[in-house]
Amino acid sequence: MALHLNLLHEEISEERMRKRDPLKLGIKALIGIGALLFIYYGWNAYRTIQISSQLSTARGEWQKVEPKVTAAQKRAAELHRIIDSTKVLDGLIDERFYWAPLLAIISHCVAPNIQLTSLDGGIVEVDHSISVTLEGIAAAREPRAAAEEFRQLLSEQLEKGYGDVKVNFKNLEDLDTLISLSGTPTASARFILNINFDPTPGEPGKKSERVEKTEPAKPAKPAKPAKASNDPDQA
């Protein structure tokens with residue numbers, strides 16, 4: 001059996017100890033970690049530079065486009081204001097009321113024994129209905145009956161062109177003075193009419209409810225072939 005002698009045992013042990021030295025191993029580990037961190041941060045720095053380059057390019061393009069975008073926004077705002085103003089004007093035009101047809105109806109209803117002394121009208125803001133106040137004088141043997149005939153005729157004519165027509169006597173009183181009608185002294189009465197109606201036409205064949213009475217309602221009586229009553233509420 002051969003016998004082997006290891007004369008370099010101590011040197012080999014020392015060499016192994018040097019290789020397994022914790023300090024050297026720690027330094028190698030730190031070097032490796034540092035290399036990894038260097039690569040990681042280098043990659044991030046490259047990405048940052050790339051993103052900064054893209055941002056600079058985008059800013060340059062935006063600076064070229066920004067004046068056009070600003071001008072387009074201002075133009076869009078102006079167009080919106082014009083459109084809003086146009087809508088308001090269209091609404092005013094669509095909802096406007098023509099007074100000429102109403103005046104024509106009133107003039108056609110005025111008989112020779114009726115004289116209108118005042119006319120005042122306007123549009124009610126709440127429901128956009130029309131409110132008119134007529135003041136006049138009726139002359140006849142029975143001036144109250146003449147005023148009532150004028151009220152009824154005016155109501156019937158208005159119902160042909162407008163909806164929800166209401167014609168009320170605000171005031172009706174006999175006058176002490178006589179008026180010359182065709183050279184004949186005639187009794188007269190002063191009246192004030194309140195007229196309210198919807199400017200849109202009512203449904204065909206459907207009339208609005210009759211006007212409210214200025215005096216308390218009385219029981220209906222059979223018709224008699226007698227002269228017209230002085231009561232303005234009986235038609």
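In strand β2, G136 is the bridge partner of L116. The structure is a predicted model, in which local features need pLDDT of at least 70 and side-chain atom pairs count only at pLDDT 80 or more, while totals for chains, interfaces and linings use all residues. Residues are numbered from 1 along each chain as its sequence is written, and side-chain values use heavy atoms, with hydrogens and water left out.

Strands β1 (residues 114–123) and β2 (residues 130–139) run antiparallel and are joined by nine bridges; strands (E, at least two residues) and helices (H or I, at least four) are DSSP runs numbered from the N terminus, and two strands pair if DSSP finds at least two bridges between them. The two strands form a hairpin with six residues between them, and H128 in the turn has a positive phi of about 60°. Strand β2 also pairs with β6 (residues 188–198) in the antiparallel sense over ten bridges, with I137 opposite R190 in β6.

H128 is also one of the residues that line the second largest pocket, as are I123, I130 and P199. A pocket is here an open set of points on a 1 Å grid over the protein atoms alone, where a 1.4 Å probe fits, with protein on both sides within 12 Å along at least five of seven lines, and lining residues have an atom within 4 Å of a point. Helix α2 (residues 22–95) gives the largest share of this lining, three residues. Because domain 1 (22–95) and domain 2 (99–228) both give residues to the lining, the second largest pocket lies between them, the domain bounds coming from an automatic or database domain assignment.
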